[in-house]
Amino acid sequence: TRRSSDLEKELKTKVLFICSHNTTRSQMAQALLAKYGGEDFEVFSAGIKAGELNPMAVEVILEDENIDISSYTTNNILNYFKQGLHFHYVITVLLKK
């Protein structure tokens, strides 16, 4: 039989935010949806190529939203697909040049 926590996890809407290097926009979007979406969402973020977490993003989201993302790691999108993860929504937050 399945554990109830496994079933609850399956029922959550899985969202992946993607940006170029997973250093700023996607990290902030992940934090905001996790905060305001509550228990209904399982939120991830990734970059096309993982970079270093932007210290300014850490500072701004802490000051504006009281969310500490200093422990967040940057992720490469391919790692999620190699793990076989599937998402209900994939949202890009790329900077248009």
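Tutor: Start with N66, which is found in the loop between α3 and α4 (77-82). Keep in mind that this is a predicted model.

Student: OK. Is N66 buried or exposed?

Tutor: N66 has a relative accessible area of 66%. The cut-off for exposed is over 50%, so N66 counts as exposed.

Student: What about the backbone there, what is phi of N66?

Tutor: Phi of N66 is near 55 degrees, which is a positive value in a residue that is not glycine.

Student: Why point that out?

Tutor: Because most residues other than glycine have a negative phi.

Student: Which other residue has a phi near 55 degrees?

Tutor: N22 has a positive phi near 55 degrees, and N22 is not glycine either. N22 sits in the loop between β1 and α2.

Student: Buried or exposed, for N22?

Tutor: Buried. The relative accessibility of N22 is 0%, and the cut-off for buried is under 20%, so N22 counts as buried.

Student: What does N22 touch?

Tutor: Leaving out residues up to four places away in sequence, N22 touches Q27, S45, A46, G47, T73, T74 and N75. There is also a polar contact of 2.8 Å between the side chains of N22 and S26.

Student: Let's zoom out. How many helices and strands are there in the protein chain?

Tutor: The protein chain has four helices and three strands. From the N terminus on, the order is α-β-α-β-α-α-β.

Student: How are the strands arranged?

Tutor: They form an open sheet in the order β2-β1-β3, with parallel pairing. β2 (41-47) and β3 (89-92) are the edge strands, each pairing on one side only. On average, neighbouring strands in this sheet are turned by 20 degrees against each other, direction ignored.

Student: How many bridges join β1 to β3?

Tutor: Four bridges join β1 (residues 13-19) to β3, and the two strands run parallel. In that pairing, L16 stands opposite V90 in β3.

Student: Now the helices. Where does α2 lie?

Tutor: Helix α2 (residues 25-37) lies across β1 and β2, and runs at about 175 degrees to β2.

Student: And what is the angle between α2 and α3?

Tutor: α2 packs against α3 (residues 55-65) at about 25 degrees, and their axes are 11 Å apart. Angles under 35 degrees count as roughly parallel, so α2 is roughly parallel to α3. The crossing of α2 and α3 is right-handed.

Student: Which residues meet there?

Tutor: From α2, M28, L32, K35 and Y36 meet A57, V60, I61 and E65 in α3.

Student: Last topic, the whole chain. What percentage of its residues are buried?

Tutor: Of the 97 residues in the protein chain, 31% are buried. N22 counts as one of the buried residues.

Student: And the contacts, what percentage join residues at least 24 apart?

Tutor: Take the contacts in the protein chain between residues at least 6 apart in sequence: 78% of them join residues at least 24 apart.

Definitions and conventions: Residues numbered from 1 in each chain as written. Predicted model: local features only at pLDDT ≥ 70, side-chain atom pairs only at ≥ 80, totals over all residues. Heavy atoms only, no water. Pairing = 2+ DSSP bridges. Axes fitted to C-alpha atoms, helices over the stretch in contact; angles between N-to-C directions. Contact = heavy atoms within 4.5 Å. Buried < 20%, exposed > 50% of the residue type's maximum accessible area, 1.4 Å probe, protein only. Polar contact = N/O pair within 3.5 Å; in protein donor to acceptor, adjacent residues only side chain to side chain. Parallel < 35°, antiparallel > 145°, perpendicular 65-115°, else oblique. Left-handed = near helix turned anticlockwise from the far one by under 90°.
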